[in-house]
Amino acid sequence: MTTELGRLIARRIALTGPISVADFMAEALSHPRLGYYRRAVPAGAAGDFTTAPEISQMFGELIGAWLAERWLAMGRPAPVVLVELGPGRGTLMADALRATRGVQGFQAAVRLHLVDINEPLRAEQQRALDSFEPTWHERFDTVPAGPMLLVANEFFDALPVRQFERTPDGWRERMIGLGPDGVSLTIALAPGGTPFARHLPQAPEGARAEISEAGRALVHEIGLRTRRDGGWALIVDYGYERGGGTSLQAVRGHKGANILDRPGEADLSAHVDFTALAKAAEAPVFGPASQGDFLRTLGIVQRAETLKARANDRQRSAIDAALARLIAPDQMGTLFRVLAVGDGRSPAPAGFSEAS
Ligand SMILES: C[S@@+](CC[C@H](N)C(=O)[O-])C[C@H]1O[C@@H](n2cnc3c(N)ncnc32)[C@H](O)[C@@H]1O
């Protein structure tokens with residue numbers, strides 16, 4: 001049995017023909033009434049995924065220190081637009097702002113703007129960040145101009161991707177159409193070549209690839225703003241620099257699922273192509289660094305020691321476990337990467353070995 005959204009998508013395909021994987025993903029996640037991210041609170045231990053800020057306060061605190069340092073490097077602009085894309089429960093930003101209390105003038109300068117489409121999560125963000133009087137946006141485009149600091153953790157992986165497959169005749173796009181019953185969704189190759197071929201690598205027959213136009217367009221807009229108005233953005237996500245293939249996955253109730261099953265009930269996400277993002281920014285970029293290296297350089301090990309010094313035995317083990325989860329290479333330390341996009345006017349940021 002499919003979902004109401006699955007039936008709507010099937011009807012659209014019956015009327016207008018197969019749709020791209022990106023169009024399917026956009027519908028499944030953001031359909032105004034039935035999309036996954038429009039529905040009940042999806043994050044957290046009881047939901048479909050757990051994110052770094054929910055694992056430990058140390059993550060948000062170190063990002064707060066990074067943002068405040070960038071503000072000082074920019075010459076303390078006041079006001080400064082502080083943006084978070086996809087703030088979830090508001091935990092990262094609450095931890096970040098708490099950690100910046102000692103930075104004179106920073107909190108008074110901050111104008112907080114949150115970009116999120118999920119109403120229940122917006123309510124949680126309101127509770128977590130009430131004293132900073134946030135303004136909410138559906139899209140980044142409506143965030144006001146001006147010197148900016150931006151953070152996005154596990155946001156870009158939710159942006160739609162197109163998928164392609166290399167055939168003997170060149171790259172073809174993978175499309176979503178209808179099965180023989182006229183109702184179920186299936187994936188088939190588009191009959192002709194794709195205009196995206198020039199963005200795709202040389203690859204053997206059968207190879208697959210993904211492109212996120214939405215991700216590239218968004219980072220391009222962020223780069224335009226940081227160059228024009230001054231500012232820094234920090235993008236953290238799971239992804240890759242080389243390689244590719246297809247990575248789109250569905251998760252329902254902490255378990256893998258078929259991406260076409262029960263649209264609107266599963267979290268769909270794809271690994272982020274950091275090389276493509278860095279190029280599309282058309283602004284000074286730093287990284288991507290691995291999350292483990294980035295957090296270690298910012299002092300997460302020392303922060304863990306400070307927290308442990310006033311903790312009981314049970315809390316100390318929890319802090320150690322959280323630290324390992326965030327930085328160990330076999331956990332989030334290597335798969336997750338961090339990219340900074342800047343303005344070319346301020347000195348290099350902490351956490352990265354060199355500019356690219
Ligand atoms: C995986 S959660 C990450 C939450 C948070 N950053 C964290 O690390 O815990 C993705 C967040 O992005 C929001 N989101 C997903 N797609 C979005 C879109 N197209 N536009 C705006 N917000 C979106 C979700 O509602 C959610 O708050």
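Mentor: Contact means that heavy atoms lie within 4.5 Å. The model here is predicted: local features need pLDDT of at least 70 and side-chain atom pairs pLDDT 80 or more, while totals for chains, interfaces and linings use all residues. Residues are numbered from 1 along each chain as its sequence is written, and side-chain values use heavy atoms, leaving out hydrogens and water.

Trainee: Which residues does Glu 61 touch, not counting those up to four places away in sequence?

Mentor: Glu 61 sits in helix H4, residues 57-73 (helices are DSSP runs of H or I, at least four residues; strands are runs of E, at least two). Leaving aside residues up to four places away in sequence, its contacts are Asp 95, Ala 96, Arg 98, Ala 99 and Arg 303.

Trainee: Is Glu 61 buried or exposed?

Mentor: Buried is under 20% relative accessible area, exposed over 50%, partly exposed in between, with a 1.4 Å probe and protein chains only. The relative accessible area of Glu 61 is 6%, so Glu 61 is buried.

Trainee: What is the relative accessible area of Gln 291?

Mentor: Gln 291 belongs to helix H10, residues 291-297. Beyond four places in sequence, Gln 291 touches Phe 59, Val 236, Leu 326, Met 332, Gly 333, Phe 336, Arg 337 and Val 338. Gln 291 counts as buried because its relative accessible area is 0%.

Trainee: Which residues come nearest to the ligand?

Mentor: There are 16 residues around the ligand, each with a heavy atom within 4 Å of it. Those that come nearest are Thr 51, Gly 86, Gly 88, Asp 116 and Asn 153.

Trainee: How much space lies in the largest pocket?

Mentor: On a 1 Å grid over the protein atoms alone, a pocket is an open set of points with protein on both sides within 12 Å along at least five of seven lines; a cavity is a set where a 1.4 Å probe fits but cannot get out; lining residues have an atom within 4 Å of a point. The space in the largest pocket is about 960 Å³.

Trainee: Which residues are closest to the centre of the largest pocket?

Mentor: Helix H2 (21-30), helix H3 (52-55), strand S2 (80-85), helix H5 (91-99) and helix H8 (213-229) each give two or more residues to its lining. Of the 39 lining residues, the closest to the centre are Ser 30, Ile 117, Phe 155, Ala 158 and Leu 159.

Trainee: What is the volume of the second largest pocket?

Mentor: Its lining has 25 residues, with His 199, Ile 211, Arg 216, Asp 273 and Ala 276 nearest its centre. Strand S9 (208-211), H8 and helix H9 (274-281) each supply at least two lining residues. The volume is about 570 Å³.

Trainee: What is the volume of the largest cavity?

Mentor: The structure holds two cavities of 30 Å³ or more. Among the 15 residues lining the largest cavity, Val 161, Ser 212, His 271, Val 272 and Asp 273 lie nearest its centre. The volume of the largest cavity is about 150 Å³.

Terms used
Points joined across faces, edges and corners; volume = space filled by probe spheres on them.
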